[in-house]
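Q: I'd like to learn how to read aromatic contacts in a model. Could you walk me through them?

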Amino acid sequence: MNINMYEEINRLSHHTDAYKLSKLIIRRGQEFIMGIVFNRQFDPKTDLYFIEFLIGMNPIRTQKTLISLTPGENNPISNWGIRVVETINTETKLGITPAADCIVGLYSTYVTVITNAGKQRSQRNQTTDFYVLFNPWAQKDQVYLGNEEERQEYVLNDVGMIFNGYYNNIGSRPWNYGQFQSGILEACIFILDFGKMPLQYRDDAVKVVRKASAMINSQDDDGVLVGSWSGDFMFGTAPTAWTGSVEILHQYYSEGGVPVKFGQCWVYAGVFNTFLRCLGLPARVITNYCSAHDNNGNLQTNIVLNEDGSLDREVSDTIWNFHCWNEVFLKRHDMHEKYSGWQVVDSTPQEISEGYYRCGPAAAEAIHNDHLGYAFDAQFVFSEVNSDVVYYKRDKYKNLNVIYVDKTYVGKLVLTKMIGSNDYNDVTNSYKYTKSHLENV
């Protein structure tokens, strides 16, 4: 008995033909073809067979880590589909449809045949292992994205442009995401494994991106990148020297989870974008100019001047000339459907969120409309783009007095790469009501 995974035809139809990997790679919620070549012609009257797909070290049906399928029978636990496509001589071709909410990762394949002569199970064969990814082409998938141009840009484009500089002097940096390069898919799965993310949570894009937000930085979990803003990069690579994600992920994976030195916000965002697109999640890098870092959660940026007019750095909040994060496109089942769509996720370690340095996913729509009670970290992201800058001056008695409030400085401009072009797309209006917008209301 042999198993044919029809890698070439399946990878073309599943938009995974660009991956530099010999294994079958498919997307969930979409049928793929596999063939079983029996030792003799199959007799449906006397013979019975079933197929098992296993993921993880201890597969269990109720956790959807063990999938057992028999043609003609429903599988209500896993919700995977199976049908006989055709039978030619001793080969039976099957159409297998993974559930649109199945676990993402590497599955192994087994076939068991029961005949009058007894029971036979196929041997372990790594060539029949296959990866299942998220599927922006499948309407029932949580990450469904209806526009083909957007899918080409935000899922399949493996190069991009990350914007930097100042709002009145915009710079740009080409970045090689390289999500299809050899070893990158394995590295992305390793990140989840090394972070000890339970398999049964890997069916939910929200949980996956939140875990990855913590794991792309090394602050508290030996994640991918060590951050440094000191200017001393003697024992690593300067953030400005990186031109893409591939070398970083290869190093992290090959060294078994030793954090790579060094990163700053655009490096974190570039690597995170690679992770997201590699697993099939539509994603883009965002640059926010005049980006505030609210340390105390009061939704305002406090700048404190000493009596002599010098800046008190110990108590002042921070405003970066630019800061980069990511957006990922997905449905939010945990809140009203209007908050589905682009979600802010940030792997640069700034503040702790539920015990780890991570941020998001926070619905851009919630931030735009000041609905800040929704998960995750919407309040922090809102302060980055829309907080008031309050200037205080300390008098000779150490009292603080407000001397000026600037309501327009923070979040001057929010940019991402334009579809099909290396120019920028201004998405400021998706985060806040700008002056030009208010004038047109």
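What follows is a short talk about ring pairs and charges over rings.

Q: Where do we start, and how many aromatic pairs are there?
A: Keep in mind that this is a predicted model. Rings count as a pair if their centres lie within 6.5 Å, and here the count comes to 21 aromatic pairs.

Q: How is the pair of Tyr107 and Phe130 arranged?
A: Look at the angle between the planes: under 30 degrees counts as stacked. Tyr107 and Phe130 sit 5.6 Å apart, centre to centre, with 15° between the planes, so the pair is stacked. Tyr107 belongs to strand β8 (residues 105–115) and Phe130 to strand β10 (residues 130–133), 23 residues apart, so the pair links distant parts of the chain.

Q: Are those two buried or exposed?
A: Both Tyr107 and Phe130 are buried. They also belong to a cluster, linked by ring pairs, with Phe32, Phe53 and Trp80.

Q: What about Phe190 and Tyr253?
A: That pair is tilted, with 55° between the planes and 5.4 Å centre to centre. Here helix α3 (residues 184–194) supplies Phe190 and helix α5 (residues 246–254) supplies Tyr253, 63 residues apart.

Q: Which charged residues lie over a ring face?
A: Among them, Arg121 lies over the face of Tyr110, at 4.0 Å from the ring centre. Lys211 lies over the face of Tyr356, at 5.7 Å from the ring centre.

Note on methods: Residues are numbered from 1 along each chain as its sequence is written. This is a predicted model: local features need pLDDT of at least 70, side-chain atom pairs count only at pLDDT 80 or more; totals for chains, interfaces and linings use all residues. Side-chain values use heavy atoms; hydrogens and water are left out. Rings of Phe, Tyr and Trp (its six-membered ring) pair if their centres lie within 6.5 Å; planes under 30 degrees apart count as stacked, over 60 as edge-to-face and the rest as tilted. Helices (H or I, at least four residues) and strands (E, at least two) are DSSP runs, numbered from the N terminus. Buried means under 20% relative accessible area, exposed over 50%, partly exposed in between (1.4 Å probe, protein chains only). A charge sits over a ring if NZ of Lys or CZ of Arg is within 6 Å of the ring centre and within 35 degrees of the ring normal.
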